[in-house]
Structure formats: C-alpha cells, structure tokens
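This briefing covers one protein chain, grouped by topic. The sequence and structure come before the notes.

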Amino acid sequence: MKKKFTDYLIVDGYNVINAWSDLNEMAKVDLEGAREKLNFILGEYAAFSGIYTIVVYDAYRVKAHTKREEEIGNLKIVYTKEKQTADSYIEKLITEFGPKKHLSIRVASDDMAEQQMVLGKGGSRITTRELNIEVQRSNTKIKTTTKTKKTEKNTLEDVVDTDVLQKLEEIRKGIPKGK
C-alpha cells in the first residue's frame, strides 16, 4: 500500500460471489469471469469512495497454489496460498492492523463465525447485502456525476482570448491575413 488510508474494506470474495445473484449465476459457468466482474465492481467502488478495499479469494481446495497479490489503485486483490482459507487470511490481516482508533476496518461477509471474529478484533462487519446496497448507491452517484460533467460543454470561447479566437475564425473561414 503506497498511501496511508484510514478506511479499509476487506471483502471475502467467494462469499460475495455466492451471495450476489448475478455473480453467482455467472460463476456457475465462468468462475474467473465472476471474479473479474467483482474485482471491477469493487475497483470502481474503491476509487469513487476513497476506501482502500482488499478482496480475498481463498485457495483452500486448490493444490500447489502460491499466494498472489495484485494492486490496482485503491483495490488490492489477494489469492491465498494453498490450504489457506479467506477467513484465516482476513483474521491475520485484522490482527496485523491491531486496535487503532484512527482506522475504520470493515469486513464484508455473511459468514457468522467470521463476523464474530472481526468484531472481537475491533473491526466491524458488513453483510454482502449491505455491501451490494453501498455499491449500487456509489454507482448511482458515479452516473449522476458523469452525466453532469458530460452536459457541461467546454468551448473554445471558454479557454481562448478573443483575439486568438478571431484569428482562428478567420482561418476557418479562409479569410486572408490582414483583411
């Protein structure tokens, strides 16, 4: 992590994929595609909200898998090592943060045991449904902001002084210099 953040969101990736119906349907035929879609959704959310987001996918049932991490802006994607659950990785991560009053650490998961562990370590929990609502609200704000910016047109008149604008108009009309 390059920049210091005060707000962190840790997401149990497969828990969210299984809970969100569109991702769950996609995962039945294309698990990699579902992960990529979730990463994209969380990346936009993280960029817009300013919350450093860590999405964790476990390799608990994957043989000979080594831990892998990617970082894109405010989004960190973690694939755990072989035989490591997302829950154990998240617990270790929260323990590393330690009890810091100036940090907000939330974990998105529907796993009750994981939620209890998070609360016991000083973090807070958010359900996958609550996360989905937050992401949808964020998307609405992004669309509203984008529409507002698209309707605001910048013209040449807004950025160029009148003499230069007049000369450009003469060039456009093909009027010879000095006439």
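The accessible surface of the protein chain comes to about 11800 Å² (Shrake-Rupley method, 1.4 Å probe; for residues, only the protein chains shown count as cover), and carbon and sulfur atoms contribute 52% of that surface. This is a predicted model: local features need pLDDT of at least 70 and side-chain atom pairs count only at pLDDT 80 or more, while totals for chains, interfaces and linings use all residues. Residues are numbered from 1 along each chain as its sequence is written, and side-chain values use heavy atoms, with hydrogens and water left out.

**Chain overview**

- The protein chain has 8 helices and 6 strands, taken as DSSP runs numbered from the N terminus (helices H or I, at least four residues; strands E, at least two).
- Read from the N terminus, the order of elements is β-α-α-α-β-β-β-α-β-α-β-α-α-α.
- Of the 179 residues, 36% are buried, meaning under 20% relative accessible area, with exposed over 50% and partly exposed in between (1.4 Å probe, protein chains only).
- Among contacts (heavy atoms within 4.5 Å) with a separation of 6 or more, 51% join residues 24 or more positions apart.

**Sheet**

- An open sheet of 6 strands has the order β3-β4-β2-β1-β5-β6, with mixed pairing; two strands pair if DSSP finds at least two bridges between them.
- β3 (68–72) and β6 (124–126) are the edge strands, each with a single partner, so one side of each has no neighbour in the sheet.
- Neighbouring strands are turned by 20° against each other on average, direction ignored.
- β5 (residues 104–108) and β6 run parallel and are joined by 3 bridges; Arg-106 stands opposite Ser-124 in β6.

**Helices on the sheet**

- Helix α4 (residues 86–97) packs on the sheet and touches β1 (7–12), β2 (52–59), β3, β4 (75–82) and β5.
- The direction of α4 makes about 165° with that of β1; angles run from 0 to 180 degrees between N-to-C directions, and axes are lines fitted to C-alpha atoms, for helices over the stretch in contact.
- Helix α5 (residues 112–120) lies across β1, β5 and β6, at about 150° to β6.

**Helix pair α2 and α3**

- α2 (residues 21–29) and α3 (residues 31–49) pack at about 145°, with axes 6 Å apart.
- Residues Asp-22, Leu-23, Met-26, Ala-27 and Val-29 of α2 meet Leu-31, Gly-33, Ala-34, Lys-37 and Leu-38 of α3.

**Lys-83**

- Lys-83 is in the loop between β4 and α4 and has a positive phi of about 65° although it is not a glycine.
- Most residues other than glycine have a negative phi.
- Lys-83 counts as exposed, at 64% relative accessibility.
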